Amino acid sequence: MPSEALRRRDRVLDAVVRTCDILSAQAPWRELVAPALAVLGEATGVSRVYVFDVAADAAHRPLASQRFEWCAAGVAPQIQHPELQGLDLVAAGYERWVNAMSAGAPVVGDIEDFPASERPLLAEQGILSLLAQPVHVAGRWWGFIGFDACVRRQRWEKFEVDVLRIAARGLGATIQQQEREAALRRAQKMEALGRMAGGIAHDFQNVLMVLGAELDGLGNDLAGGAALTTDRRDAIDLMRQALRQASGLTRRLLDFSRRREGAPQLLAVDAALARAEPLLRQAAGSAVVLALAVAPTPWPIRIDPVQFEQVLMNLVVNARDAMPRGGRLRLGVAGVQGDDAQAAADGVGPGDWTLLQVVDDGVGMSKEVQERIFDPFFTTKPADQGTGLGLATVYSIVHAAGGYVAVTSAPGEGAEFRLYFPAAR
């Protein structure tokens with residue numbers, strides 16, 4: 001007869017295999033986490049299994065938030081614990097966890113053996129021993145899967161720790177794969193929209209030519225001696241107004257359809273911001289305090305200047321709409337290296353980058369909203385206030401320039417957009 005230890009090993013190994021099968025299903029990863037945690041919890045015999053994600057705030061501090069949880073019968077859930085949402089790991093005494101899991105190592109053991117700084121919050125949840133396995137996505141520390149033993153201390157064998165690491169890696173691989181697929185779908189949507197916009201602009205340009213010809217003909221008639229009646233004067237004014245509006249619409253459509261082509265050139269970001277500042281302040285409105293913070297020597301970037309202004313305008317308007325009662329909006333520009341802590345967390349590659357930060361203190365966004373903000377036509381605004389193309393356009397332009405876009409936000413805590421452009425020397 002196999003011993004209980006061997007039976008437990010078999011259960012854990014089987015649970016990890018089933019977990020990987022669950023995570024490979026064709027469904028959004030958030031829908032797959034709950035059944036996966038249940039399988040792991042029942043096999044390991046712990047009290048709770050949960051998932052935290054970790055995001056850096058504006059000061060580059062790692063903030064951990066519990067997102068999912070499975071509890072054994074009779075065990076009190078902790079997912080609503082206020083201290084487990086936006087927990088500053090370093091300030092709360094868990095710097096050891098940050099260093100270990102950033103490097104891919106687990107945190108495991110009895111709570112009584114942990115450093116004193118780590119015990120209070122864990123003891124408050126009734127935890128006697130735990131295992132935390134890091135989850136990495138695209139080479140960056142994304143979060144961790146935790147296993148809490150609250151009824152009795154649990155001895156974690158090396159075999160179990162190693163096998164459960166596979167489950168954490170499976171979750172990271174699923175998230176990474178779905179993020180890549182989402183980025184590809186966004187790119188395909190933007191490409192299709194660009195073709196559609198170009199076609200509309202072409203047809204609309206023909207209408208403008210007819211309208212312009214009629215206006216020229218009317219002007220020639222008047223120059224030939226026809227009386228300039230009030231009706232004719234009004235008709236001229238109306239046609240001119242319509243012509244200006246239609247021309248503006250056509251330019252916007254053409255800019256959108258040609259966003260991948262453009263006319264890239266070496267652009268000094270500080271000078272571009274200075275030129276755009278009056279327009280940005282007007283777009284932000286009188287209720288928003290706009291502040292610019294440009295590093296002394298930000299590296300230039302290679303991008304179409306019109307598209308760069310389009311990025312700035314869309315981000316400012318988006319921030320303004322997030323602050324209906326007014327607030328503060330900060331635009332910052334600095335040079336960073338790809339191995340900078342925040343840049344690495346955002347998935348930026350090695351090398352020199354020019355970082356554009358847009359930070360507001362508006363209503364903020366939930367994780368679910370953040371996952372969709374760059375999708376074409378997705379918007380949380382009323383139907384008559386937004387098209388859902390502003391941030392999709394930003395994403396497309398930045399990626400076409402070889403850059404990255406990252407966002408940090410939470411409901412009620414504003415939002416920070418970080419745009420990384422390859423530095424052009």
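Which residue forms a salt bridge with Arg96? The partner is Glu118, and the closest N and O atoms are 2.8 Å apart.

This is a predicted model, in which local features need pLDDT of at least 70, side-chain atom pairs count only at pLDDT 80 or more, and totals for chains, interfaces and linings use all residues. Residues are numbered from 1 along each chain as its sequence is written, and side-chain values use heavy atoms, with hydrogens and water left out.

**Salt bridges**

A salt bridge here is a side-chain nitrogen of Lys or Arg within 4 Å of a carboxyl oxygen of Asp or Glu. By this rule the model has 17 salt bridges. Side chains of opposite charge can pair when their charged atoms come close. The table lists some of these pairs.

| Pair | N to O distance |
|---|---|
| Arg96 and Glu118 | 2.8 Å |
| Arg153 and Glu112 | 3.0 Å |
| Glu179 and Arg140 | 3.8 Å |

Take Arg96 and Glu118, which form a salt bridge. The pair links distant parts of the chain, 22 residues apart. Arg96 sits in helix H3 (residues 95-102), and Glu118 in the loop between strand S4 (107-110) and helix H4 (119-124). Helices (H or I, at least four residues) and strands (E, at least two) are DSSP runs, numbered from the N terminus. Accessibility comes in three classes: buried is under 20% relative accessible area, exposed is over 50%, and partly exposed lies in between (1.4 Å probe, protein chains only). Arg96 is partly exposed at 36%. Glu118 is buried at 1%.

Next come Arg153 and Glu112, joined by a salt bridge. Arg153 lies in the loop between strand S6 (140-149) and helix H5 (158-223), and Glu112 in the loop between S4 and H4, so the pair ties together parts 41 residues apart in sequence. Arg153 is partly exposed, at 48% relative accessibility. Glu112 is partly exposed, also at 48%.

Glu179 and Arg140 form another salt bridge. Glu179 is in helix H5 and Arg140 in strand S6, 39 residues apart. Glu179 is partly exposed, with 37% relative accessibility. Elsewhere, salt bridges that share partners join Arg30, Glu368 and Glu371 into one network.

**A helix pair**

Helix H8 (residues 305-321) packs against helix H11 (residues 390-400). The angle is about 145°, and the axes are 9 Å apart. Axes are lines fitted to C-alpha atoms over the stretch in contact, and angles run from 0 to 180 degrees between N-to-C directions. Contact means heavy atoms within 4.5 Å. In H8, the contact residues include Gln307, Val311 and Leu315. In H11, they include Gly390, Leu391 and Ile397.
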